[in-house]
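Subject: Structure handover

Hello,

Here is the structure for you to look over. My notes on what I found come after it.

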Amino acid sequence: MKAVRKAVIPAAGLGTRFLPATKTIPKEMLPIIDKPTIQYVVEEAVDSSLNEIVFVTRKGKNSIEDHFDTDLELERALQGKETLLKTVRAVSRMISITSVRQKEPLGLGHAVLVTKHAIGDEPFGVCLGDDIILGETPCMRQLLDVYESTGCSVVAVMEVPWETVSRYGLVSIRNEGASSGNYFEIEDMVEKPAQSEAPSNLAIIGRYLLTPGIFEALEATTAGALGE
């Protein structure tokens, strides 16, 4: 079984839900307290032992890469302010970056597919910036533990109230009674079903651990109703 070393972070969205704030600033760079949103996601990957990050970006998103790059001019200006200097240097040394462009907004599956050559024949994590997940054990680390036990792709889910299931992608579970620890075998996935047709109240959240076979599956997948 190959070790997991890389995490894909899709960041090519237009951020239309946050306009006008995202007209010139990528939504991933909007701050939560004193950090841009995407840094929380990167830190989760790093805390899960994944420090090779593949960003999927588009035109106008260079500030994401710049945030994790070295800024010698800023470091010189911070000489004598050791706490701030240490913080800035820690961010720039946190990860190794590869950046891939998604030239058309064709959805999450396509965003993963464009990383095929950067990932190669390896399993990899996918972390979506729309979900900030905090916990004693990082969510991605939990997925890695399941992968190391099973060798299978893993999807993170959470229980949601039944009255809200139509807002989420949901999973149906095979052999629910045969769960091992905190994971189950997934039988199917359904995107935003009517409540009466929901297979469960287990909603897919933005963390995935995928084997390289996903690329062949994505290449064979046709566009959906929205063209994605």
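Is Asp145 buried, partly exposed or exposed? The model is a predicted one, and its relative accessible area for Asp145 is 36%. Buried would need a value under 20%, and exposed a value over 50%. Asp145 is therefore partly exposed. Its place is in helix α7, which covers residues 139–150.

Now the whole chain. You will find eight helices and ten strands in it. The C-alpha atoms fill a box of roughly 60 × 40 × 35 Å along the principal axes. The radius of gyration is 19 Å. For 228 residues, a compact globule would have a value near 17 Å, so the two agree.

Burial and contacts come next. Of the 228 residues, 39% count as buried. Take the contacts between residues at least 6 apart in sequence: 75% of them join residues at least 24 apart.

Then the surface and the charges. The chain exposes about 13300 Å². Carbon and sulfur atoms supply 51% of that area. There are 23 positive and 32 negative charges. Their mean positions lie 8 Å apart.

Helix α1 deserves a look of its own. It is mostly covered, with nine of its eleven residues buried. Among them are Thr37, Ile38, Tyr40, Val41 and Val42. After α1 comes Ser49, which has a positive phi, near 75°.

Why does Gln39 count as buried? Its relative accessibility is 6%, and the cut-off for buried is under 20%. So Gln39 falls on the buried side.

What does Gln39 touch, leaving aside its neighbours within four places in sequence? The partners are His67, Phe68, Val91 and Met94. With His67 there is also a polar contact, side chain to side chain, at 2.8 Å.

If you want a place to start, open the view on Gln39 and His67, where that polar contact is found. Then turn to Asp145 in α7 for a partly exposed residue.

Best wishes

Technical notes. Residues are numbered from 1 along each chain as its sequence is written. This is a predicted model: local features need pLDDT of at least 70, side-chain atom pairs count only at pLDDT 80 or more; totals for chains, interfaces and linings use all residues. Side-chain values use heavy atoms; hydrogens and water are left out. Buried means under 20% relative accessible area, exposed over 50%, partly exposed in between (1.4 Å probe, protein chains only). A polar contact is a pair of N or O atoms within 3.5 Å; within protein, one must be able to donate a hydrogen and the other to accept it, and residues adjacent in sequence count only if both atoms are side-chain atoms. Contact means heavy atoms within 4.5 Å. Helices (H or I, at least four residues) and strands (E, at least two) are DSSP runs, numbered from the N terminus. The radius of gyration is taken over C-alpha atoms; the globule rule is 2.2 Å times the number of residues to the power 0.38. Accessible areas come from the Shrake-Rupley method with a 1.4 Å probe; for residues, only the protein chains shown count as cover. Lys and Arg count as positive and Asp and Glu as negative; His and the chain ends are not counted. The place of a charge is taken as NZ of Lys, CZ of Arg, CG of Asp or CD of Glu.
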